[in-house]
Amino acid sequence: MTRRISSVPPIPLILLILMVTAMTVMAIRPANAAPIPLDDHSFRSFDGGRYYYLSTPQVSPLWDVHNITLRFSDRYYYSDDTTLVSNRWLLHFADSINFQNIDFNFRIRLDGPGSRVRDAGWTSAVAGDANDPGFVYDPDRIIAHYTPNDRFRFGFGKDRYNWGQLELGGLLLSDYNEGFTGLYQQYNLGPFVLRGLAAQLNSIKTGPANSAITHRYFSASRLEYFRPKYGFAVSQSMLYVGVGRSWDIRYLFPFYIFHYGQMTDSHGYGNDGQNSQGAIDAYFKIPGQPLELYGELLVDDFQVHSDSQSQSAQNCLAWMAGLRLKDAGKWYGFIEGGRINTYVYNHRTLAKQYVYNGNFIGSPLGPDQELLWGKIGRKFDVYDNTLSADVNFWRRRSGERGIGYRYPNIFGTSGDPVPYGIIEHELSFWASASYRRHYIDMEVRAGSAMYRNRGNAVSGWSAYPFAGVFLSSGISVGASK
């Protein structure tokens, strides 16, 4: 083991040099940073965090199938910039039940305080009057699965799903959104796995005096082929809408090609009622090196022809690629970057924008973005406990064409100069260290965020140092098996 660890550090050193080089190149084309890394992936840390497990004797068949977890987190950031000041605690209560071929997962999140409670890019609630503490009570997972055998799995309820290899979350479907209540399917087809999702989104009132109600539905499917050293997946999604529209049977089945359905629709809505997207993601372990390449490509509103009536914002691309440490002993880290086109997730028809209750279904960045970010760190054994330390950076360029951007017309808009107007830039550097002892995780962070043209107001760079602490602990109770 000692020999392996001593042979690994040169590779992270090379990766760090690549990071610095890439940041130098990006300095020529500034690109924007900010609150998403600072807001923590609270639900991800909950799933992967450590907690104390209390095993109880088997009492009865009803109790023995439960595994109850209670987890508490508290975080505090301080800065001269009020948007970087955060005092927030999270309390998760979860219960997983497994009885023969039926399993049930339930989780409640109690989140607060604050006038605007955020969870990794989506807003759960906005506080009311001055006496409203801003707490959020959210059953963010409540789903039941039926698994008759090792080839089929069906589920119904609310859950969060992330498709893709990206550290930031998938471009087509990420778990930064608030989750879907719908029907889930999984088919194991030899070396392939086919997944399906179908859900109803929030409806929108349209027409004179908002008298008509446009119903919105979302379906997605994914075909995966994963191996230890390489893998790829092809995904598709369909957002279909219409006044008085109901479920479309075709899009309930992941075997169906959704884009074909969009182009051959005969239900009276045509392309005005459909918005399909496609994506491919992959990873590849570099032979003989503790490194893995990965990436994802998303195509929004893809077409095969080009005429005067189809020039507007078609074949819009979003892509991200990265390099992460894999099987590198005590070292860990990644570097990731890419671009999301102005018109990706956007649409001139409000009902067909790629959002759910105002939150992005895909990447939390939204349209018209460029990003470069990463980290590198190492774990240490200290008194039989784990200490880890890492350095992080985040740089993002954010254009003015966010979600809700209205095209001047529906023809030729893809030829408009991009970008134009005032462009925001954000840059952040911070160092963090975390220590686990007696089932308590503690992390401290310190760094600085810089902004230019913040809020689309012309300005130079302004720096805002910040420091913070994050605490987490939990307990799980279940019958001994």
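Arg397 and Asp368 pair their side chains in a salt bridge, 3.2 Å from N to O. A salt bridge here is a side-chain nitrogen of Lys or Arg within 4 Å of a carboxyl oxygen of Asp or Glu. Arg397 sits in strand β21 (residues 385-398) and Asp368 in the loop between β19 (359-360) and β20 (369-382), so the bridge ties together parts 29 residues apart in sequence. This is a predicted model: local features need pLDDT of at least 70, side-chain atom pairs count only at pLDDT 80 or more, and totals for chains, interfaces and linings use all residues. Residues are numbered from 1 along each chain as its sequence is written, and side-chain values use heavy atoms, with hydrogens and water left out.

**Asp368 and Arg397**

- Arg397 counts as buried, at 5% relative accessibility. Buried means under 20% relative accessible area, exposed over 50%, and partly exposed in between (1.4 Å probe, protein chains only).
- Asp368 is buried as well, with a relative accessible area of 2%.
- Asp368 also has a positive phi, near 55 degrees, in a residue other than glycine.

**Other salt bridges**

- How many salt bridges does a search of the whole structure find? The search finds 16.
- Side chains of opposite charge can pair when their charged atoms come close.
- Asp159 bridges to Arg141, with the closest N and O atoms 2.9 Å apart. That pair links distant parts of the chain: Asp159 is in strand β8 (residues 152-159) and Arg141 in strand β7 (residues 136-149), 18 residues apart.
- Asp159 is buried at 8% relative accessible area. Arg141 is buried at 18%.
- Arg445 forms a salt bridge with Glu443, the closest N and O atoms being 2.6 Å apart. Both residues are buried.

**Arg445 in its strand**

- Arg445 belongs to strand β23 (residues 440-452). Its relative accessible area is 14%.
- The Arg445 side chain also makes a polar contact with the side chain of Glu443, at 2.6 Å. A polar contact is a pair of N or O atoms within 3.5 Å; within protein, one must be able to donate a hydrogen and the other to accept it, and residues adjacent in sequence count only if both atoms are side-chain atoms.

- Is Gly478 buried or exposed? Gly478 is buried, with a relative accessible area of 0%.
- Gly478 is in strand β24 (residues 462-479).
- Gly478 touches Tyr53, Leu54, Ser55, Thr56, His66 and Asn67, not counting residues up to four places away in sequence. Contact means heavy atoms within 4.5 Å.
- Thr56 is 422 residues from Gly478 along the chain, yet their C-alpha atoms are separated by 5.9 Å.

**Gln100, another positive phi**

- Gln100 has a positive phi of about 60 degrees, although it is not a glycine.
- Gln100 lies in the loop between β3 (86-99) and β4 (102-112).
- Gln100 is exposed, with a relative accessible area of 68%, whereas Asp368 is buried at 2%.

Conventions
Helix = DSSP H or I, 4+ residues; strand = E, 2+ residues; numbered from the N terminus.
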